[in-house]
Amino acid sequence: MQSPHVIEDNNREASLLCKETRSLLDEAEKSGDDMIRKRVEEKLKHLSKTLDTYKTLIASEPVHKRDVWFRRHQAKWNEYEDLRKGLQRLGAKMHPSSNSARDALLSGARKTISQVGNAWDEATSIARSSQMISDLQKQGVGVLGNLSEQKDTLKAARRKLLDVLNTLGVSRSLLSVIERRQNIDKYIVYGGIAVTLLILITLLYFRYT
């Protein structure tokens, strides 16, 4: 366990730095001396490091003492924040042009961020549009593929239909030929019968006369 004097020494050092910084800040506000203002900045840096060490030391203290040291540290930290804000106000008062430049820089940064955001939105919109076009192209290719398949199917069906029609045409021609042949054969039979009857009648006539 650390010596109890370490944290006490750190607490006294923080108190002294707060007092010295407050005095220098008051003097800088009255005189407007930039050198004194810079000394205030250095004191605040030192005070910040001291308070960081102070906080680390509190964690090494016995549990029943930590709450007391934590409240003391918090009081010093609040005073540090008040001094830091006072220094910022003093800087703004002594160097208004710097504030204007800083404001202009921040404004430019905000404008740039806005432009980047708009560019990002446009890029995102273009990417979405490109994806939609790509999807439409894929759908178009799919439709064309289906139409091509349907076309091939229709061609095949047309060929089969033509084959059937051609077959039917040949069958009809063949039936017509057979029908004509049957008619001719019928006429030949009828003619033969007539001739035979005529011969028989003639023979009978000459026989009985």
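Biologist: How many residues does helix H2 have, and how far does H2 reach from its first C-alpha to its last?

Modeller: Helices here are DSSP runs of H or I with at least four residues, numbered from the N terminus, and the expected span is 1.5 Å times one less than the number of residues. Helix H2, residues 34-59, has 26 residues and reaches 39 Å from its first C-alpha to its last, close to the 38 Å expected at 1.5 Å a residue. This is a predicted model, in which local features need pLDDT of at least 70 and side-chain atom pairs count only at pLDDT 80 or more, while totals for chains, interfaces and linings use all residues. Residues are numbered from 1 along each chain as its sequence is written, and side-chain values use heavy atoms, with hydrogens and water left out.

Biologist: What does a side-chain oxygen of aspartate 33 reach at the start of H2?

Modeller: That oxygen of aspartate 33 comes to within 2.9 Å of the backbone nitrogen of methionine 35.

Biologist: Which residues of H2 are buried?

Modeller: Buried means under 20% relative accessible area, exposed means over 50%, and partly exposed lies in between, with a 1.4 Å probe and protein chains only. The buried residues of H2 include Ile36, Val40, Leu44, Leu47, Leu51 and Ile58, and among them are also Arg37, Ser48, Thr50 and Tyr54.

Biologist: Which residue forms a salt bridge with glutamate 41?

Modeller: An α-helix has 3.6 residues a turn, so residues three or four places apart point the same way. The partner of glutamate 41 is arginine 37, with the closest N and O atoms 2.6 Å apart, and both lie in H2, 4 residues apart. Glutamate 41 is partly exposed at 29%, whereas arginine 37 counts as buried at 11%.

Biologist: Where do arginine 71 and aspartate 67 lie?

Modeller: Both lie in helix H3, residues 63-94, 4 residues apart, and their side chains meet in a salt bridge at 2.2 Å, N to O.

Note on methods: Helices (H or I, at least four residues) and strands (E, at least two) are DSSP runs, numbered from the N terminus. A polar contact is a pair of N or O atoms within 3.5 Å; within protein, one must be able to donate a hydrogen and the other to accept it, and residues adjacent in sequence count only if both atoms are side-chain atoms. A salt bridge is a side-chain nitrogen of Lys or Arg within 4 Å of a carboxyl oxygen of Asp or Glu.
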